[in-house]
Amino acid sequence: MYTVGVDIGSSSSKVVILKDGTEIVSQSAIQSGIGSNRAIIALEENLKKANLTKEDIGFTVVTGYGRFTFEGADKQISEISCHARGIHFLLPDVRTIIDIGGQDAKAISLDEKGHVKQFFMNDKCAAGTGRFLTVMARVLEISLDEMGTYDALSKNPCNISSTCAVFAESEVISQLAKGNTKEDVIAGVHNSVAHKILGLVYRTSMEEKFAICGGVAQNTGALRAIREALKKEVIVAPNPQLTGALGAAIFAYDELKKLRKGE
């Protein structure tokens, strides 16, 4: 039985195709925006890669920030539940999840069965999210992919105290005008993100083990800062952008089994 999970975020769309609820036969993440048809294109590309057709898919679940814009799913499930399910499938010992996407950040506590016990999200401000880092990269005239490399070369990270993206932008420009290096400014930006994330994680029960997922998990500088601030080991989930789509595909398998049993 084949099922599909689609995760439509603010900056990318992710698709996972599962066989029998356990075997990943195809997966991918592509850059896109809310309301675009990139999620449909990603699904079609994954079907082709897996040598499947839409008729082979028994059930599809969509999740994510833009799930209400996708019409090709059998069910919608929140990204909180889907990330929890995906992480528990990949890393069953994890009890605290840090999920940092393009538009928001979350701290999620799990029980031993992978069920969500509690979760906390950032407010509407972009601080601590992928959007915040995108703005900072633009100000610093580097790519997002380069931020981790610059961070690793920092000798004396700057103090970026503003959590608001607008004010932080001005602060970054000011730090550069004072003669601070890009490396130290970028490390300061990452420390600012970690401080914001820490505020969410401290509201949970802080149970180990910790894992991070979402697009920002691929930023080694942000990961460095979060680990140092938390003073804990934080595991990077395999294919961290895809955990929500994976969880959605697993939920889809559960729904398909119910249908087959006539429930």
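E141 is exposed, with a relative accessible area of 68% (exposed means over 50%, buried under 20% and partly exposed in between, using a 1.4 Å probe and protein chains only). You'll find E141 in the loop between helix 3 (130-140) and helix 4 (147-152). Helices here are DSSP runs of H or I with at least four residues, strands are runs of E with at least two, and both are numbered from the N terminus. E141 isn't a glycine, yet its phi is positive, about 60°. Most residues other than glycine have a negative phi, and most peptide bonds are trans.

Before going on, a word on the model: it is predicted, with local features needing pLDDT of at least 70 and side-chain atom pairs counting only at pLDDT 80 or more, while totals for chains, interfaces and linings use all residues. Residues are numbered from 1 along each chain as its sequence is written, and side-chain values use heavy atoms, leaving out hydrogens and water.

Back to the loops. N239 sits between strand 10 (234-236) and helix 8 (243-261), and this non-glycine residue has a positive phi too, about 45°. With a relative accessibility of 44%, N239 is partly exposed. Another loop runs between helix 6 (182-201) and strand 9 (210-213), and K209 belongs to it. Look at the bond between E208 and K209: that peptide bond is cis, with omega about 10°.

Now for helix 6 and its partners. Two packed helices are described by the angle between their axes and the distance between the axes. The axes of helix 3 and helix 6 come within 11 Å and cross at roughly 165° (axes are lines fitted to C-alpha atoms, for helices over the stretch in contact, and angles run from 0 to 180 degrees between N-to-C directions). So helix 3 is roughly antiparallel to helix 6, a label for angles over 145 degrees. On the helix 3 side, F132, L133, M136 and L140 meet K182, V185, I186, V189, H190, S192 and V193 of helix 6, where contact means heavy atoms within 4.5 Å. Sorted by class, this contact has 8 nonpolar, 2 polar and 1 charged residues. Ala, Val, Leu, Ile, Met, Phe, Trp, Tyr, Cys and Pro count as nonpolar, Asp, Glu, Lys and Arg as charged, and the others, Gly among them, as polar.

Helix 5 (residues 165-177) meets helix 6 as well: their axes come within 10 Å and cross at roughly 150°. That makes helix 5 roughly antiparallel to helix 6. V172, Q175 and L176 of helix 5 make the contact with K182, V185 and V189 of helix 6. By class, that gives 4 nonpolar, 1 polar and 1 charged residues.

Next comes helix 7 (residues 220-230), whose buried residues are G221, A222, L223, A225, I226 and L230. What do these buried residues pack against? Their neighbours are strand 6 (96-100), helix 4, helix 6, strand 9 and strand 10. At the start of helix 7, a side-chain oxygen of N219 comes to within 2.8 Å of the backbone nitrogen of G221. After helix 7 comes K231, with a positive phi near 60°.

Last stop: S109, in strand 7 (residues 105-110). Is S109 buried or exposed? At 0% relative accessibility, S109 counts as buried. Leaving aside residues up to four places away in sequence, S109 touches R95, H115, V116, K117, Q118, T204 and S205.

Technical notes:
Angles under 35 degrees count as roughly parallel, over 145 as roughly antiparallel, 65 to 115 as roughly perpendicular and the rest as oblique. A polar contact is a pair of N or O atoms within 3.5 Å; within protein, one must be able to donate a hydrogen and the other to accept it, and residues adjacent in sequence count only if both atoms are side-chain atoms.
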